Amino acid sequence: MDPGKHLVIPPGSNHHDNARKANRNLQWLGEKMPPRIGSAVFSTLWNRWTTQRRFQKRGPCLLACGSPDGDSIEHYSRCPVTKRLCRQHLHLDPEVFATLHAFVLAHPSIWSQEDLATLGVLIYSVYNVTNRIRSQGASREIVYDALVQMCREGVKGDPYAMKILAARWPSSTNTRLPAVSLLPWTKKTKKLREQRNQM
Ligand SMILES: [Zn+2]
């Protein structure tokens, strides 16, 4: 399985855990961050990016990394330019946050409010910059600056979000997110799982 194209479920977790984490994280972003960020993240979770891949076509990466068929969420989530933005501007570990698993808010290493908020800013920036380049075009040289500028626009006018982005450097203290309450397996679900495992 190609981890760039498919979600790889880490050992010890399952789809139920991932769905609950993603749902909890989406709710948190919706409550704490500007609506424009919640909207970009929602569009990502529901595969609403108008990429070539979505229409079963191929097109080059609009962030100009050189990937000939990179116009897809799967690619943008782990594009070298996205990784650079994580490293140089957002103080996010690209190994964790520049992944499809993080772009759908389900990565198990998203544990702090600050990182989750900043991930929302990252998704907002990549989503909007690729949209603008798709409709208006852009020279290769300005792509990275456009991403940085879009991060600033994402938090504009929202004191909480602006404070989080400003505190990414040099480093900030992280506040743990509330734990996800994992519902215990019901007897019925347990039975179904046992039956499925026997098949
Ligand atoms: Zn790329």
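How far does helix H1 reach from its first C-alpha to its last? Select residues 15-32 to find out. Keep in mind that this is a predicted model.

**Stop 1: helix H1**

H1 has 18 residues and spans 25 Å from first C-alpha to last. That is close to the 26 Å expected at 1.5 Å a residue.

Now colour Lys21, Asn25 and Leu29, the buried residues of H1. Look down the helix axis: these buried residues fall within an arc of 65 degrees, so they line one face of H1.

What does that face pack against? Show helix H2 (35-45) and helix H7 (113-136): the buried residues of H1 pack against both.

Turn to the other side of H1. His15, His16, Ala19, Gln27 and Glu31 are exposed there.

**Stop 2: glutamine 56**

Move on to the loop between H2 and helix H3 (73-76), and select glutamine 56. Check its backbone: phi is near 60 degrees, a positive value in a residue other than glycine. Most residues other than glycine have a negative phi.

**Stop 3: leucine 105**

Next, go to the loop between helix H6 (100-103) and H7, where leucine 105 sits. Phi of leucine 105 is also positive, near 65 degrees.

How many C-beta neighbours does leucine 105 have inside 10 Å? There are 24, so leucine 105 counts as buried; the threshold is 20 or more.

Conventions: Residues numbered from 1 in each chain as written. Predicted model: local features only at pLDDT ≥ 70, side-chain atom pairs only at ≥ 80, totals over all residues. Helix = DSSP H or I, 4+ residues; strand = E, 2+ residues; numbered from the N terminus. Expected span 1.5 Å × (residues − 1). Buried ≥ 20, exposed ≤ 12 C-beta atoms within 10 Å, placed from the backbone. Arc of directions from axis to C-beta. Contact = placed C-beta atoms within 7 Å.
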